[in-house]
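Please examine the sequence and the model shown below.

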There are 2 protein chains.
Amino acid sequence: MKQYLKLDEWSIIEEGFDPENHEVSESVFSIGNGHMGQRANFEEDYTGKTLQGSYMAGVYYPDKTRVGWWKNGYPEYFAKVLNSTNWIGLNIAIEGENLDLAKLPVRDFVRTLNMKEGYLERTFIATLSGGKEVKIQAKRFVSIVDKEVGAIRYSITPLNFNGELKVTSYLDADVKNKDANYDEKFWDEVSKEVTTNHASVTVVTKKTEYVLCSTMKTELVHDGLKVAFNPVVSEKEKYVAHTFAHGLVEKKETVIYKYAANVTSRDHEASSLAKIAMDRLQGALVKGFETLLSEQADAWAEKWKESDIVIEGDVAAQQGIRFNIFQLNQTYTGEDDRLNIGPKGFTGEKYGGSTYWDTEAYCLPFYLSTADPKISRNLLIYRYKHLEKAIENAEKLGFTDGAALYPMVTMNGEESHNEWEITFEEIHRNGAIAYGIYNYVNYTADKDYLAEYGLDVLVAISRFWAQRVNYVSSKNQYMMLGVTGPNEYENNVNNNWYTNRIAAWTLEYTLSVMDYIKETDKARFDELESKLKISSEETSKWVDIIGKMYYPFDEEMGIYLQQDGFLDKELIRVDELDPKHLPLNQNWSWDRILRSCFIKQADVLQGLYFLNDEFDMETKKKNFDFYEPMTVHESSLSPCVHSILACELGYKEKAYEMYLRTARLDLDNYNNDTEDGCHTTSMAGTWMSVVQGFGGFKVKNDQLILNPFIPGEWSSFSFKIVFRGALLNIKVSADEITITNETKVSTPVIIHGTKHTVNGSASLTIQY
Amino acid sequence: MKQYLKLDEWSIIEEGFDPENHEVSESVFSIGNGHMGQRANFEEDYTGKTLQGSYMAGVYYPDKTRVGWWKNGYPEYFAKVLNSTNWIGLNIAIEGENLDLAKLPVRDFVRTLNMKEGYLERTFIATLSGGKEVKIQAKRFVSIVDKEVGAIRYSITPLNFNGELKVTSYLDADVKNKDANYDEKFWDEVSKEVTTNHASVTVVTKKTEYVLCSTMKTELVHDGLKVAFNPVVSEKEKYVAHTFAHGLVEKKETVIYKYAANVTSRDHEASSLAKIAMDRLQGALVKGFETLLSEQADAWAEKWKESDIVIEGDVAAQQGIRFNIFQLNQTYTGEDDRLNIGPKGFTGEKYGGSTYWDTEAYCLPFYLSTADPKISRNLLIYRYKHLEKAIENAEKLGFTDGAALYPMVTMNGEESHNEWEITFEEIHRNGAIAYGIYNYVNYTADKDYLAEYGLDVLVAISRFWAQRVNYVSSKNQYMMLGVTGPNEYENNVNNNWYTNRIAAWTLEYTLSVMDYIKETDKARFDELESKLKISSEETSKWVDIIGKMYYPFDEEMGIYLQQDGFLDKELIRVDELDPKHLPLNQNWSWDRILRSCFIKQADVLQGLYFLNDEFDMETKKKNFDFYEPMTVHESSLSPCVHSILACELGYKEKAYEMYLRTARLDLDNYNNDTEDGCHTTSMAGTWMSVVQGFGGFKVKNDQLILNPFIPGEWSSFSFKIVFRGALLNIKVSADEITITNETKVSTPVIIHGTKHTVNGSASLTIQY
């Protein structure tokens with residue numbers, strides 16, 4: 001944990017340049033627009049430690065898997081997010097000297113991520129040889145209005161000299177992934193074009209054959225006047241450049257504008273990419289940098305209108321939550337149902353940039369409450385489209401008859417992960433995908449989704465569970481052997497309570513969905529029954545499993561057992577451990593972690609969170625009191641669920657402690673790994689902590705429920721909720737709650753058990 | 001499984017050349033002498049598929065580990081046996097045409113491994129362009145008399161032409177390992193010398209800095225007369241060669257003799273290697289090929305005298321068992337206590353050529369019964385010398401106070417393996433190492449070993465067990481969580497019966513050894529007690545653990561449970577499976593294997609085999625009847641233990657079936673993987689099947705016990721037993737047993753429960 005960023009409500013600010021922090025800052029200051037994104041690499045050359053990263057959403061490479069010892073069933077390929085064409089590159093030489101912050105003295109360095117308006121800015125003064133000082137102001141963004149466009153304003157002011165500037169503005173597609181398993185480059189050149197007006201390079205990924213065309217145009221403005229220039233053109237493999245010179249004048253500002261368009265064959269015909277890229281570039285040039293930027297600010301204002309959280313009295317908390325919301329909105333916009341939310345968004349390569357169960361378990365609630373329902377719907381349709389691959393995946397593991405196992409990690413529906421204890425055994429993810437459907441329908445009341453897409457997925461997952469359990473005749477119960485639960489600090493256990501419960505819950509929910517469709521649209525039901533080949537034998541079997549599922553439970557303590565044999569462990573509280581052992585995953589060997597009682601992230605408690613209404617407060621309390629003290633929260637996804645449950649149980653201090661562990665995870669580099677990228681999916685958990693935790697927000701029986709309480713450290717907090725056509729702004733302070741309805745849709749709300757109505761375009765204040 | 005080798009009692013014979021079989025034959029026809037060995041690569045160039053392999057015992061390279069997902073505690077390096085200088089190379093060109101069996105028509109090809117005399121021979125006729133036929137006879141061996149010497153007799157007879165022969169005789173150290181993780185070469189050149197008389201190359205391994213000097217001399221004999229020649233010398237990096245020409249005459253034999261010495265810094269000062277290599281070479285030249293070969297035959301006769309098994313009436317079984325004994329004797333001679341028995345011997349690279357628990361569990365009995373006790377003692381001392389590293393290894397996993405965990409795989413005492421479920425959890429290996437001490441002392445009565453070396457190891461292993469168990473107060477029992485038993489088709493189970501039992505047994509045995517030393521040599525005991533810091537608290541704790549160890553057991557069936565929860569599995573017999581699923585490890589995903597009941601190799605039954613006398617026949621029967629039908633024997637180490645127990649239980653057919661699965665494993669390429677090398681350690685299991693199984697041989701209370709029975713397919717079988725100074729030849733037929741004492745040491749023997757004595761230099765025949 002290292003705090004070097006300045007506190008501010010709307011911006012992330014780094015003052016002073018420390019190369020040691022640079023890779024962390026490259027992650028934190030990342031920009032993206034759902035279509036593309038990039039780490040906060042410098043535009044000019046930088047020979048210090050850096051992780052170059054420019055990513056195009058959905059463009060991936062199936063890198064050949066690398067394992068130590070192969071296990072039958074491992075996937076051959078691991079889908080990787082691709083470092084793509086570097087379009088920001090500006091090599092800057094002044095009086096023949098290269099501008100390189102790794103080599104020159106730098107002062108007044110400020111890097112700012114303006115979250116309100118959606119751009120990255122950097123200013124500094126570098127000292128060249130002979131004491132020549134030059135001031136640089138670089139501002140850039142990727143447009144959320146014109147998704148394929150990025151623009152840079154790069155300003156150069158010599159403070160105490162006149163001299164020659166030489167600029168090389170380039171597109172470089174000759175890039176690598178740091179995490180390439182066999183040190184390969186993943187891009188091949190298709191074509192390039194370089195005229196004195198513009199330059200473009202078109203490349204294609206090996207194997208997957210995604211084509212990316214990038215086009216650039218560079219402009220020069222001196223002391224406010226546009227300067228015409230005739231660049232020297234050059235090219236190398238997968239690289240094109242414009243080089244031009246210009247006379248810098250003391251104290252006069254010279255500005256380089258660089259515009260780029262990045263278009264891919266995911267969105268357009270490969271053959272027309274060059275033309276489309278030129279059209280997009282042309283569009284950007286017509287608008288110009290300032291117009292593009294002002295449109296960007298307007299569009300971000302719209303996003304904030306729906307998703308902002310305001311915390312008063314705690315700037316660190318305010319900055320933390322806005323950073324999380326900003327990164328989520330940069331990562332996924334929900335407009336493309338082929339995309340999903342990678343665990344690092346556009347901020348790094350790690351984990352393959354792929355889809356995990358994080359999406360359904362953590363991200364979906366954020367998008368449900370802060371955006372148009374079609375965005376959440378697209379997240380569900382993403383899985384619907386992968387159903388066939390999920391069935392194939394299950395077949396590879398020996399399942400039959402349409403049983404589906406959704407992958408642990410995926411880009412295109414195929415499994416990418418290869419640790420047997422995760423890939424093959426962490427099957428509870430299948431339950432989360434079913435739960436996502438429930439969550440979406442419960443929230444939006446879009447029950448049509450069930451007959452249209454939902455049931456196909458639910459039946460296939462139910463079939464998996466029905467085949468995965470085994471009946472133990474001596475006990476007349478169904479069991480589930482050899483699984484890994486959400487707590488990945490246990491592997492290959494028998495009867496993980498959460499997995500058994502979410503499996504039976506899936507069967508229950510699937511049957512209830514079938515009943516609903518049968519009741520409301522018999523013809524459609526018959527059609528689905530026939531298409532999906534659902535028989536009464538099959539559903540009877542499901543009913544039998546539901547009734548006879550085995551749930552490990554300790555009568556005496558009244559707790560669900562995380563798995564069979566859990567109580568045979570030595571039960572120790574985390575606070576009894578010498579802190580030198582923490583984090584366990586860096587200090588203990590794997591076997592020691594496994595046989596210990598220590599819990600990585602919510603497991604039994606994940607079930608109590610998901611299926612909250614099934615359990616009485618006493619049960620939640622007993623389980624929380626038993627498990628939380630043994631939990632080390634070494635997954636970024638852990639603290640939020642504990643914070644929410646602690647809020648529900650009235651454990652105020654624990655709730656705030658857990659909130660702090662999630663809110664500034666990347667800003668303060670809590671886990672000492674932010675240089676790899678931000679923990680994007682867990683950011684949604686932070687949002688949940690505020691809204692579901694402190695806000696006590698949930699939707700039950702089509703009712704919007706709030707049970708807010710406010711941490712003592714805050715004077716107030718407010719959040720937005722999009723709910724069935726209404727947009728509510730909910731402000732909580734110590735003695736009252738005010739709900740402002742920003743739409744005309746009158747909305748009933750249950751606050752601390754009492755029903756109220758927030759009329760359209762009105763406010764409601766309830767004093768406690 | 002593919003049978004292409006000819007049956008013969010004393011030789012392995014391949015008739016006809018099929019490139020498809022070549023790599024398997026390269027493994028099967030391997031030659032070795034304990035100091036060095038090599039695959040049966042061709043001397044002349046071969047451009048077809050081949051795995052080049054020449055290995056020097058104990059010379060290894062710590063190749064950087066390659067894993068998919070790193071777990072804390074993994075070793076950084078994996079010790080690899082090294083493909084070393086190719087000293088057999090002879091490039092043969094006739095009339096300008098290269099002799100290459102991948103390219104020329106070949107007939108009358110016969111490859112023979114003469115196991116009686118210890119050499120490899122190959123004859124064939126190749127047809128060159130224009131129908132020129134040339135007959136080749138190549139014979140070579142590595143001397144078991146002069147360990148550092150190898151010799152080749154390579155005979156060339158043109159059958160229908162005169163023509164020019166051009167020979168390049170070379171040493172090539174510019175070789176690679178096929179299994180190099182990062183495609184590196186592991187050898188660097190130190191120096192080379194090439195005169196017209198001889199040539200040598202000295203290379204050093206990276207990191208480990210083993211120096212290997214190889215020296216060669218080539219001679220030419222035409223039609224029986226030695227021909228002087230003046231070779232052209234040449235050299236490249238890590239390569240030296242002599243090239244010379246000679247006129248071949250139709251139907252006259254030209255013979256190339258190539259002598260080589262290979263000496264390493266493991267045995268000599270690095271600075272004197274060149275001189276020593278020349279001395280060794282000189283010695284070989286003075287003896288000449290025929291003398292060297294006749295000494296080789298004599299030395300092998302001595303080995304056979306102690307270790308041969310004769311099976312009458314079943315040539316396949318005879319050939320199989322002799323092949324196993326031959327390979328074991330080629331692999332390990334026991335003269336060097338720094339060496340051990342790699343799972344592939346000198347026949348391939350796989351598994352790193354390192355030491356596994358196979359040594360104590362499978363190989364030790366073979367060497368105990370067929371060789372001087374000092375050889376077995378050296379195997380024990382090998383582990384004694386690694387004690388410090390085993391303690392370090394345990395420390396890395398969090399153990400303290402001198403607890404030792406011997407590695408799963410090692411070359412120098414450090415752990416090399418990196419699958420967490422094996423490396424960290426397959427800890428029963430520690431028990432096998434303790435059991436090896438028991439086994440050695442029980443067999444040899446060398447009780448002095450205990451105070452000298454044994455107790456140090458036993459105490460350290462006992463300390464490991466005492467820390468590894470955890471006390472479950474609610475049950476007042478000690479448990480062992482998170483282990484992998486010998487059945488590697490279960491991972492991370494709780495209370496593997498075998499592991500719990502061998503752990504408690506270790507504690508029992510260690511305490512009994514302490515008592516023995518205390519009683520027989522109090523002074524030495526006091527010294528050891530003080531050196532090892534043994535306290536009465538510690539031994540009391542051991543006694544407590546012994547008394548309260550938890551053993552999973554099913555009362556109703558009267559069986560020990562392989563682990564907690566085993567009976568919750570679906571229990572299916574292997575013969576109920578559709579054969580298309582077998583072998584499981586090639587057809588099922590790992591999770592499916594894990595949650596199935598199917599057993600890879602003896603687990604509970606391994607305990608019944610090791611601690612045989614603890615269990616009554618009824619218990620053995622119940623457990624065998626329960627577990628064997630669920631056992632798939634997908635480890636080469638499995639059938640032998642089952643064969644032995646089946647013999648004891650009188651299950652004759654099962655015993656013979658299991659014997660067949662082990663005896664010709666490599667000759668018939670049963671597991672379809674012999675091209676990687678032979679299953680050397682399991683060959684000792686085959687020997688055990690005959691001697692301990694069919695022979696019913698064991699040593700108990702200093703008594704030699706025999707309970708023989710003969711498979712119906714055999715007319716008789718006989719084996720040798722070295723026992724406390726006596727060498728007994730035991731011949732079993734259907735109606736009698738004859739024991740011939742080949743020494744003067746009178747030896748009592750209990751046959752089928754009746755005590756007899758075999759007098760010195762006498763025979764005893766007992767009719768049933």
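A polar contact is a pair of N or O atoms within 3.5 Å, and within protein one of them must be able to donate a hydrogen and the other to accept it. The model considered here is predicted. With this definition in hand, one may turn to Lys600(B), whose side chain makes a polar contact with the side chain of Glu488(B) at 2.6 Å.

Lys600(B) lies in the loop that runs between helix H14 (590-595) and helix H15 (604-610) of chain B. Is Lys600(B) buried or exposed? Its relative accessibility is 14%, and since buried means under 20% relative accessible area, Lys600(B) counts as buried. Setting aside residues up to four places away in sequence, the residues that Lys600(B) touches include Asn487(B), Glu488(B) and Tyr489(B). Among its other contacts are Thr631(B), Val632(B), His633(B), Glu634(B), Ser635(B) and Ser638(B).

The view now widens to the interface of the two chains. Chain A contributes 43 residues to the contact, and chain B contributes 43 residues. About 3,800 Å² of area is buried between chain A and chain B, and carbon and sulfur atoms give 50% of it. On the side of chain A, the residues that lose the most area to chain B are Trp69(A), Asp568(A) and Arg595(A), which together account for 20% of what that side buries.

Six salt bridges are found across the interface of chain A and chain B; in a salt bridge of 3.1 Å, N to O, the side chain of Lys71(A) meets that of Glu421(B). There are also 18 residue pairs in polar contact between chain A and chain B, with both residues at pLDDT 80 or more. Which elements of chain A supply at least two residues each to the side that touches chain B? They are helix H7 (420-423), strand E23 (470-472), helix H13 (584-587) and helix H14 (590-595). H14(A) gives the most, with five residues. Sorted by class, this side of chain A has 15 nonpolar, 13 polar and 15 charged residues.

Chain A can be laid on chain B with an RMSD of 0.0 Å by a turn of 180° and a shift of 0.1 Å along the axis. This is the relation of a two-fold axis. The same surface serves both copies, for 100% of the contact residues of chain A recur in chain B. Of the residues of chain A, Val67(A) comes closest to the rotation axis, with its C-alpha at 2.4 Å.

Technical notes: Residues numbered from 1 in each chain as written. Chains lettered and ligands numbered in written order. Predicted model: local features only at pLDDT ≥ 70, side-chain atom pairs only at ≥ 80, totals over all residues. Heavy atoms only, no water. Helix = DSSP H or I, 4+ residues; strand = E, 2+ residues; numbered from the N terminus. Buried < 20%, exposed > 50% of the residue type's maximum accessible area, 1.4 Å probe, protein only. Contact = heavy atoms within 4.5 Å. Buried area = accessible area lost by both parts, 1.4 Å probe. Salt bridge = Lys/Arg side-chain N within 4 Å of Asp/Glu carboxyl O. Nonpolar A, V, L, I, M, F, W, Y, C, P; charged D, E, K, R; others polar. Least-squares fit on C-alpha atoms with pLDDT ≥ 70 in both.
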